[in-house]
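Please look at the sequence and the model below before reading on. What can be said about how its parts are arranged?

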2 protein chains.
Amino acid sequence: MVKIAILSTGDEVLSGQIADTNAAWIADFLLGQGFQPVLHLAVGDDLERIVAALELARQNADAVLATGGLGPTEDDLTTAAVCRFAGLGAVLNKRALSMMQERFRLIGREMSPSNRKQALLPEGAGLLENPIGTAAGYHLQVRGVYYFFMPGVPREMTLMMEQQVLPVLSLLRRERMVFRQRVFRTFGLTESGLGEILSAVPLPEGVKLGYRAVFPEIQVKLVARAVSAELAEQALEQVAPRFREKVGPFIYSEDGRSLPAVVGDLLRARKRKLAVAESCTGGLIAKMITDLPGSSDYFERGHVTYSNAAKIELLGVAPELIERHGAVSSEVARAMAEGARVKAGVDVVLAVTGIAGPAGGSPEKPVGTVHIAIADADGTVEQKFLFPRPERELVRELAAYAALDLLRRRLEQ
Amino acid sequence: MVKIAILSTGDEVLSGQIADTNAAWIADFLLGQGFQPVLHLAVGDDLERIVAALELARQNADAVLATGGLGPTEDDLTTAAVCRFAGLGAVLNKRALSMMQERFRLIGREMSPSNRKQALLPEGAGLLENPIGTAAGYHLQVRGVYYFFMPGVPREMTLMMEQQVLPVLSLLRRERMVFRQRVFRTFGLTESGLGEILSAVPLPEGVKLGYRAVFPEIQVKLVARAVSAELAEQALEQVAPRFREKVGPFIYSEDGRSLPAVVGDLLRARKRKLAVAESCTGGLIAKMITDLPGSSDYFERGHVTYSNAAKIELLGVAPELIERHGAVSSEVARAMAEGARVKAGVDVVLAVTGIAGPAGGSPEKPVGTVHIAIADADGTVEQKFLFPRPERELVRELAAYAALDLLRRRLEQ
């Protein structure tokens with residue numbers, strides 16, 4: 001396997017002002033393409049230290065992926081460090097210059113003289129174009145190791161990685177293998193629970209299975225390695241139906257969409273208007289739904305009925321119901337959903353009431369108790385949850401996910 | 001200055017499953033204490049590579065702060081690597097063992113034989129106790145460089161850093177200096193705007209000023225270095241009033257509290273009940289308010305009036321007003337706040353209507369246009385904002401912050 005070192009330069013990473021998410025993204029991306037990250041390095045905007053890091057990386061890897069330090073200011077020292085490290089001069093790359101000029105025209109700003117520095121690349125370097133920013137990247141070989149230099153802005157770096165670095169980097173692999181992956185996004189089973197079930201599925205030659213916990217979901221990742229894209233896809237297609245058979249209801253997407261996006265697409269396709277009535281989640285569900293552009297197509301309104309008065313006045317919940325069963329109860333969850341449906345005149349309502357803590361728990365209704373109800377034209381369903389970790393933030397996030405997932409399952413019926 | 005290398009071990013960081021937030025936290029913490037981070041390194045759970053990284057770190061720093069690899073499983077190789085690197089054997093540390101046994105008793109679980117490995121420390125190492133987990137840390141000197149090994153679980157690591165590592169590490173400083181810091185959390189000015197104003201304030205000897213952008217706020221950080229805590233605090237007290245004089249209204253806290261917490265404390269102190277009426281922020285403000293435990297003391301209800309019908313029915317906004325001025329207008333923002341105040345019977349209402357994009361903008365009302373209104377017993381105030389970056393997520397977050405900040409200023413009057 002081709003060994004990869006990842007080098008981040010910049011005082012912001014070194015000083016801890018920002019966590020090194022670029023390194024994490026590059027490592028994850030390249031692992032999925034069959035490369036082996038072996039080392040991450042981060043240094044500040046310091047010429048000597050960048051030179052030393054370039055050498056360190058060289059001793060440990062076949063290829064070095066570096067980000068940062070390609071801007072126009074005096075702090076941007078990457079190219080100077082590369083030139084010193086490789087014993088090369090910097091020369092003007094005309095293509096880089098004209099792309100940068102074009103970029104400035106596009107955003108309607110004057111190019112300052114200092115930007116010209118960004119088009120000076122080490123002699124012999126290959127240009128990596130930056131279609132969405134001014135900092136060009138480049139690649140070159142130094143003493144048998146291949147170096148790639150990219151801007152530190154995440155969206156510029158990821159686009160450059162996907163479109164330009166990967167094809168060049170793939171040339172370094174001795175075998176001409178192609179990698180394809182599929183990610184099953186799941187909610188409702190634990191990583192070990194999924195592992196126990198899915199380990200029973202035999203994997204074809206060249207297919208690897210991995211798990212990734214991104215709270216509160218678990219992503220199941222299949223990576224197929226084959227001599228052609230077609231064969232890699234075929235291998236994935238062989239496994240995917242078995243996974244669906246075993247844990248289908250827990251998989252909410254296979255195409256990268258988030259849970260709110262899946263729910264939104266279902267609502268749009270079925271031409272249903274949604275309202276939500278939230279108590280313990282306090283607006284989180286409405287926020288997740290409206291994070292998406294175009295959510296006004298299906299999202300009509302949200303109620304954050306934090307007080308009992310709000311539940312009674314806005315949703316028409318009977319005061320006796322709250323008195324008899326408590327605000328956190330199956331009965332009140334149902335009444336919230338049904339009441340909001342009538343009042344809002346929508347097709348479907350998602351209602352949540354629960355105890356997020358830290359206060360408010362009791363032996364009968366401990367922190368983490370949540371009731372979720374859905375009212376639609378077919379009636380009302382309700383489910384009780386007891387989330388095991390009693391931290392407020394976790395309870396709220398789990399409750400919001402569980403509610404959206406219940407709605408997804410209802411809409412998929 | 002004492003030079004610091006930070007080493008993270010573990011496949012999860014190397015493979016990019018998680019970003020290296022431990023390294024960022026350690027760097028930021030130690031910078032605030034007058035140390036100089038010079039290098040971050042991350043390697044996987046691989047004996048040879050950990051040994052190599054320990055040597056690399058040694059060549060670059062006076063002290064090495066390492067996290068991860070102290071657990072009970074076969075993947076946990078840090079101590080084995082340290083022993084090989086330093087040419088030492090591992091010996092049972094009785095204090096570590098008894099603390100671990102005590103820990104298992106506390107959580108009511110059986111200690112497995114594999115945990116015993118966690119009490120085996122390199123000969124001569126000093127124990128760093130872990131009061132909230134099973135993995136003990138330790139420190140030792142190897143060939144003139146001081147090493148600290150800590151668990152990778154963030155809250156265990158941070159507690160160990162603050163309580164145990166810092167006192168030992170401070171012995172390495174030649175001068176016996178004490179560091180104290182104060183963070184002014186601000187909203188509404190840019191980093192360069194703040195810089196221009198605050199650079200005019202003379203700083204006493206030993207006081208340094210720094211900025212940190214944590215979107216959408218800017219934190220202004222003063223670090224004072226003196227021979228005693230008292231003198232360091234005095235130096236800070238000398239500068240703080242000048243900062244308040246210059247940018248006071250933009251500072252929302254000096255004690256670490258978040259903006260929603262400051263607003264919540266003001267509402268609680270003034271015994272005011274709040275309702276919110278959100279259009280473009282779609283529940284985000286209610287979510288931020290209810291993130292805090294105890295918010296039911298002052299938060300009564302929230303309306304997410306995404307559709308015009310919801311604005312009319314729930315808030316009593318006159319349809320003619322929407323027709324004449326549009327849903328995104330000063331008039332509708334005022335009507336939302338005033339209507340909700342009457343309907344909810346609360347003291348104060350915060351209302352937001354705007355265009356978060358990407359669709360819905362026009363030449364007169366481009367994406368990023370947001371109207372915020374507050375209605376209370378003294379009347380109604382309204383303010384129009386045009387946020388410059390037309391990305392949906394940024395507009396929503398800026399609008400939520402601007403709304404809470406406007407409410408803070410109103411409550412502070």
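The questions and answers that follow concern this predicted model.

Q: By what rotation is chain A superposed on chain B?
A: When chain A is laid on chain B, the RMSD is 0.5 Å, and the shift along the rotation axis is 0.4 Å. Because the relation is that of a two-fold axis, the two copies can be described together, and 100% of the contact residues of chain A recur in chain B. The rotation asked for is 180°.

Q: How many residues of chain A that touch chain B are nonpolar, by class?
A: The contact involves 46 residues of chain A and 47 residues of chain B. Among the elements of chain A that each supply at least two residues to this side are α2 (21–31), α3 (47–60) and β14 (299–304). By class, this side of chain A has 13 polar and eight charged residues, while the number of nonpolar ones is 25.

Q: Which residue of β14(B) is the bridge partner of V304(A)?
A: Strand β14(A) is joined to strand β14 (residues 299–304) of chain B by three bridges, and the two strands run antiparallel. In one of the pairs, V304(A) has its bridge partner in β14(B), and that residue is G302(B).

Q: How far apart do the C-alpha centres of domain 1 and domain 2 of chain A lie?
A: Chain A is divided into domain 1 (3–170), domain 2 (178–253) and domain 3 (259–412). For domain 1 and domain 2 of chain A, the separation of the C-alpha centres is 33 Å.

Key: Residues are numbered from 1 along each chain as its sequence is written. Chains are lettered from A and ligands numbered from 1 in the order in which they are written. This is a predicted model: local features need pLDDT of at least 70, side-chain atom pairs count only at pLDDT 80 or more; totals for chains, interfaces and linings use all residues. Copies are superposed by least squares on the C-alpha atoms of residues with pLDDT of at least 70 in both. Two residues are in contact if their C-beta atoms, placed from the backbone, lie within 7 Å. Helices (H or I, at least four residues) and strands (E, at least two) are DSSP runs, numbered from the N terminus. Ala, Val, Leu, Ile, Met, Phe, Trp, Tyr, Cys and Pro count as nonpolar, Asp, Glu, Lys and Arg as charged, and the others, Gly among them, as polar. Two strands pair if DSSP finds at least two bridges between them. Domain bounds come from an automatic or database domain assignment.
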